[in-house]
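The following report describes selected local features of one protein model. Please consult it alongside the sequence and the coordinates.

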Amino acid sequence: MNDPVICLSNLMGRILGIKRVEFDGLELRVVKHNTTMRYPLETIAADADLRISWMGGAFNLNTLKHPLHIRFLDKSVIVQLIETLQQAVSEKATKKIDAVYRHIVSSGIDQYLRDSHVMAIDEQLQRTVTLYKPLLASSHRISKATSEALSMLASVTPLHLHKARLRNEFETKQLRARETFFSRVESNPLTEPQRLAVMRNNDRNLVLAAAGTGKTSVIVAKALNLIQADNVLPRDILILAYNKAAAEELKARITARASTLGGDDKRLPKIKTFHGLGRQILLNANIIPTMSRFVEDKTALEVWATQWFEEKLKQSDHSLKMFVRLLYPPINPFSFETMEEYENYVRDNEYRTLNGEKVRGYQELLIANWLYLNCVEYEYEPSYVTKRRLSVGFDYRPDFYLTDADIYLEHFGIDRQGNTRPNIDSLRYQEEMTAKRALHKEQNTRLIETFHYQWVEHNLERALETQLTALDVPLASRSSEEIFAALKEFGGISEGVSRYINCLKAIRVEQLTMEDIATRLNAHEIGNAEDYADLLTSFHNAYIDELMIESAIDYDDMIIRATECISESRYAPHFTHILVDEFQDISMARMNFLSALIEKGPAPILTAVGDDWQSIYRFSGGKLELTTRFEELVGSHTKTMLDKTFRYNNSIAHTAGTFVMANPEQYKKHIHTHKEVETPQVFLLDDFVNETPDLPQKTRQIIERILSHNPKASIAILARYRHLLNEAKTALTRIEGQHDIKFWTLHGSKGLEADYCIVIGLTHGKLGFPSSRKDEIVVEALLPSLDPYPFSEERRLLYVAITRAKEKCYLVADPTAPSPFVKELLKPELEVLVASDLLTGQYANHYKCPHCSNGYLKKMTGQYGEFYTCSTNTACRINIRVCKVCNGPSVDGETSSLCLNSSCAIELELCPRCGRPLKRVHGKYSDFWGCTGFGIPKDSCTYKRSLKASK
């Protein structure tokens, strides 16, 4: 419009200060007094309401700023002004509606509606509908097509509340349009969840699979669908596989399926491992990545680390003493709430002194090392001068005996008020203290005492020094050379180096700063956290410097330095679609790498495919919470559950799924199976052969039974530890070569399958399954966080094992020390067929350790014959005699020994002097009760008593 339409006010308007209203095709201007209010055309709504009366012309309309009400205008011009304004608004509306409509169609109808598009469109959409919705009531002002477009826009406003409907409509349309592709892209037609996972292209997409539900098929189909249906260039699609083997499998699968579909099998997306992509990025940034000698040679890393630490310790007395102090982290035993927690801690954290002996706790370690450092000769837990038992009913062994000074030392675990740990009977402990003191007084032996509260008050070593000085025990500082030699001799340096190398790996994959290290150690209540952080940071920096000296990188550097290249714009990612396989095992370093690719790329779509139920690689940096807390840590997303498997039957699916879903920290999934059976196909058996534990032969029996029914069956033997597989393999030497028999560790079995699976080694203890051993607590604190549910990762490991089987799965357990998982598998809701009376009855109770909360008694052979000891090892050092009648464990009381086997329950009288059983002896003149220790070269006991004498 060239000339503006100007409408002056009438007399009343001028009196009220209204001068004029004008419209030039671009904006509406209202002049009042000396102020001009401007309303651009794109902010004016299509709802102008004109009124003419004897008082003049008036109009009402809405703008994005506020409603506008103007009166007392010249009646002769007001009609022209409003008509001109309405025409201009209608023309503007047509252009705007058509533009927004095209945007909606291209972003939310012709493709899957992305969250980022919702955010970009929603404000513009709501503005357009707000301004122009009145046109629907006066459709003559716009074309029919524009009116229909506006009606559609109004129906999806606001877009964030209607995005689910648009996505559902897109999915319905695509399911029909791509039916042929979905039916042919893999050897079996894709299930509906798989098809939905293929077509869903939000900014972030999480595809949650379960074992055998076809997550690889989704990756293959999605890549090919992007190329064939969405015309995405293959070079713009990146598939990231967990390792090289997985990358090769994906490459082979995509090539084969592309050829089957008649496409160009040479136009394929990039399929890389994270390390492979990192190396390529470094090359593109003109960084030639020479691999460090440490990468392929673990020993080379150990040698270098040992040399670094040894040089550091030799150069500085402070560093040497710091290394000794940090060799074991301080733990307050009063912090444990249950006996089981404490026993597990002692079992998993072995303390070895500078003298080389193992001690039970950290405070005893401090005492032993202080004695060594001050040249005080001692014995740990020596035999006492008398074999007589204490009045509280147990054999007495002092904590320490200072050999040159002829002094005994007891360290008592009490606080200032005489309280013990919450899981210790305080009254009984006080009785034991009193009995020990009384025994020393009776035997006229010197005793000194230290206490837990002295350690809490940072006074333990000083209190010990004060007492020894008062007794004229000579003290002298041991030389650094001797300390260093002692460290090396008992393996302290190698032990520390091994621990710190594991810490180094955690620091690298988690990308921890010195502050991060201290924060994590403090969060785990590990003492000396700042000192550990300082040492570990120095070690880490030295490692980085060593790589620089070599002009080399390691596998972590491939990712870390590639991430830096992207962040510093030395490499510009061009990928529009990124697909990540095995996302549940991604580390923080890999996630940072991925985030950089997304942040610096052309707004790529991320599809993460994984199974939280199969997250079993935390020890190498796998950060499960990136999957279980995907929304919080990665971003808003579309989630698809793959819930149908063609691998295994409904029995295996039910047992494995119910077992793993006991952990509430994981996603709930309900798996449907193609194969349906009527009876349980997961079996629980004991490992006995001819009433004797024999796991290899039991495994052989199961295999022979399988082969008798199905000679061509594929069979896999799975175990938590490789030594069990080696033992089974030895027992199957002749069978193995004639049949399809495989041997898999549980971690190595992931992604594999067999007709029949035999899971062996379900026993209790440090080397049992579940493995109750955790990493050393410093390493544990630096690894990715672990959800608190008991045995959570080991639980997932058993899920992986069970779901390798296509037909049947056999679980073989030790009835004398059953795995905690066995107790759970006995529950009716898991529908396991229990094929052993030994596992369901009271058999295991016969072997339950009577002295600790969760140990079991295992038979051993020692210098003087067979005996039972606790499976928790260091945590419970009990030795129990073997019943002479049934060979079961027989527990000593104060005066007798009782067999734990309820069907035997033989009770033997014990010698009051040495505690050995009494036996009937044929004497020269008459029979008598005599000690079984008579004539034994060491600690011989000659106690005897008449048969007629009372006990």
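Ile-18 stands opposite Lys-32 in strand S3. The strands S2 (residues 18-23) and S3 (residues 27-32) form an antiparallel pair with five bridges; two strands are said to pair if DSSP finds at least two bridges between them. Helices (H or I, at least four residues) and strands (E, at least two) are DSSP runs, numbered from the N terminus. This is a predicted model, in which local features need pLDDT of at least 70 and side-chain atom pairs count only at pLDDT 80 or more, while totals for chains, interfaces and linings use all residues. Residues are numbered from 1 along each chain as its sequence is written, and side-chain values use heavy atoms, with hydrogens and water left out.

S2 and S3 belong to an open sheet of four strands, ordered S1-S2-S3-S4 with antiparallel pairing. Strands S1 (5-8) and S4 (35-40) are the edges, each pairing on one side only. From one strand to the next, the twist averages 15 degrees. Helix H2 (residues 75-109) packs on this sheet and touches S1, S2 and S3, and its direction makes about 140 degrees with that of S1. Contact here means heavy atoms within 4.5 Å. Axes are lines fitted to C-alpha atoms, for helices over the stretch in contact, and angles run from 0 to 180 degrees between N-to-C directions.

The axes of helix H12 (residues 298-315) and helix H13 (residues 317-326) come within 5 Å and cross at roughly 120 degrees. The two helices are therefore oblique to each other; angles under 35 degrees count as roughly parallel, over 145 as roughly antiparallel, 65 to 115 as roughly perpendicular and the rest as oblique. H12 contributes Phe-309, Lys-312, Leu-313 and Gln-315 to the contact, and H13 contributes Asp-317, Ser-319, Leu-320 and Phe-323. These residues divide into four nonpolar, two polar and two charged. In this classification Ala, Val, Leu, Ile, Met, Phe, Trp, Tyr, Cys and Pro count as nonpolar, Asp, Glu, Lys and Arg as charged, and the others, Gly among them, as polar.

Helix H14 (residues 339-348) is largely enclosed by the rest of the structure, because seven of its 10 residues are buried. Buried means under 20% relative accessible area, exposed over 50%, and partly exposed in between (1.4 Å probe, protein chains only). The buried residues of H14 are Tyr-342, Glu-343, Asn-344, Tyr-345, Val-346, Arg-347 and Asp-348, and their cover includes strand S11 (351-352).

## The surroundings of Gln-584

Gln-584 lies in the loop between strand S17 (577-580) and helix H24 (588-600). With 0% relative accessibility, Gln-584 counts as buried. The side chain of Gln-584 makes polar contacts with the side chains of Glu-582, at 2.7 Å, and Asp-585, at 3.1 Å. A polar contact is a pair of N or O atoms within 3.5 Å; within protein, one must be able to donate a hydrogen and the other to accept it, and residues adjacent in sequence count only if both atoms are side-chain atoms. Leaving aside residues up to four places away in sequence, Gln-584 touches several others, including Val-609, Asp-611, Lys-623 and Lys-750.

## Backbone features in loops

A cis peptide bond joins Thr-157 and Pro-158, with omega about -5 degrees. Pro-158 is in the loop between helix H4 (144-155) and helix H5 (159-177).

Asn-286, a residue other than glycine, has a positive phi near 65 degrees. Asn-286 is exposed, with a relative accessible area of 68%.
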